[in-house]
Amino acid sequence: MCRWLAYSGTPLLLEGILYRPAHSLIDQSLHSRMGVETTNGDGFGIGWYAQDTDLGAPAVVRDVGPAWNNRNLREIAKTVRSPLFFAHIRASTGTAVQQTNCHPFRHGRWLWMHNGAIADFHLLRRELCLAVEPGLFADIEGSTDSEVMFYLALTLGLEEDPPGAVARMAGLVERTGRAHGVDHPLQMTIALTDGVSIWAFRYSTERRSRSLFYSSRVDSLRALHPDLTFLRDISDETRLVVSEPLGDLPGAWHEVPEHTYGVVRPGADDLRPFVPV
């Protein structure tokens, strides 16, 4: 399927996260260890919020080629510095390899990216699309289940209540799937952000969700690894959420439990149960 990462914290050049770790997202585009596919070469995307500006719409760059040899991505990553960014590498589950199907998806100040699938989406697509609020429907550009899920969440109250909207979206997908005879309609790890907080969800109908991890608190890592100088340069608020760990540093990564969502935000982060409604 896909691999993704979400970063929040001390403003960094994107290349420091995308390219430099031993098992970086770029390495995962060729050598994923935990994904359904080893290779994720059906496009990529990055979205970021400009440093020291108000929270307008984030910038988004997407392309259909593989991330591992894209010169434009390398140039952007060397020059763009951001306190919050998303990155995604795609392995198509059946929809076309085209720019409008690459993640992250953007609406206003929001970014959304997804790993997983709606099972038998071709059977459910019309009914789910008709559930999208008419004023939002015209903004859907591509043909993926992921983008439809985003616009369903927007329809169901994402602006006011992100966890509740995602729970309502998941519930609608499952009810629709079962009405069409689909036993396990939904598989998802989702990241979404408004530029301040990041919400990350791990859920599947069959309770066999795709992998998802979050990084340890920086102060805990400093205590474990006082010799690592790069830990002195990032704030205690810095956090990563990733489809699979970017390296093997002991104590650095924790698996997000099944049927759980987490919130990364200024102050205390949180993990809570996720239940579709």
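Which element supplies the largest share of the lining of the largest pocket, and how many residues does that share hold?

Reply: The model discussed here is predicted. The largest share of the lining of the largest pocket comes from strand S1, which gives 3 residues. Strand S1 covers residues 2-13, and S1, helix H1 (15-18), helix H8 (218-224) and strand S10 each supply at least two residues of this lining.

The lining consists of 25 residues, and those nearest the centre of the pocket are Gly16, Ile17, Phe230, Ile234 and Leu240. By class, the lining holds 15 nonpolar, 5 polar and 5 charged residues. The space within the largest pocket amounts to about 640 Å³.

Strand S10, one of the elements that contribute to this lining, runs over residues 239-242 and includes arginine 239. Arginine 239 has a relative accessibility of 10%, and it therefore counts as buried, the cut-off being under 20%. The side chain of arginine 239 forms a polar contact of 3.2 Å with the side chain of aspartate 269. Beyond its neighbours within four places in sequence, arginine 239 is in contact with Ala6, Tyr7 and Ser8, with Tyr214, Ser215, Ser216 and Arg217, and with Val264 and Asp269.

The second largest pocket may be set beside this one. The volume of the second largest pocket is about 170 Å³. Among the residues that line it are Thr93, Gly94, Ala117, Phe121, His122, Arg125 and Asp145. Strand S6 (110-118) and helix H4 (121-130) each provide at least two residues of that lining, and H4 has the largest share, with 3 residues. The lining of the second largest pocket divides into 3 nonpolar, 5 polar and 2 charged residues.

The largest nonpolar core has 37 residues, of which Trp112, Leu128, Met169, Met188, Leu192, Phe201 and Phe274 touch the most other members. Two or more residues of this core come from each of several elements, including S6, H4, helix H6 (145-155), helix H7 (162-179) and strand S7 (186-193). Methionine 169 is in contact with Trp112, Met149, Leu152, Ala153, Leu156, Met188 and Ile190, leaving aside its neighbours within four places in sequence. Another core lies apart from the largest one; it has 29 residues, among them Tyr19, Ile46, Val218 and Ile234. Ile234 is also one of the residues nearest the centre of the largest pocket.

Note on methods
Residues numbered from 1 in each chain as written. Predicted model: local features only at pLDDT ≥ 70, side-chain atom pairs only at ≥ 80, totals over all residues. Heavy atoms only, no water. Helix = DSSP H or I, 4+ residues; strand = E, 2+ residues; numbered from the N terminus. Buried < 20%, exposed > 50% of the residue type's maximum accessible area, 1.4 Å probe, protein only. Polar contact = N/O pair within 3.5 Å; in protein donor to acceptor, adjacent residues only side chain to side chain. Contact = heavy atoms within 4.5 Å. 1 Å grid on protein atoms, 1.4 Å probe; cavity = no way out; pocket = protein on both sides within 12 Å on 5 of 7 lines; lining within 4 Å. Points joined across faces, edges and corners; volume = space filled by probe spheres on them. Nonpolar A, V, L, I, M, F, W, Y, C, P; charged D, E, K, R; others polar. Core = buried A, V, L, I, M, F, W, Y, C linked by side-chain atoms within 4.5 Å.
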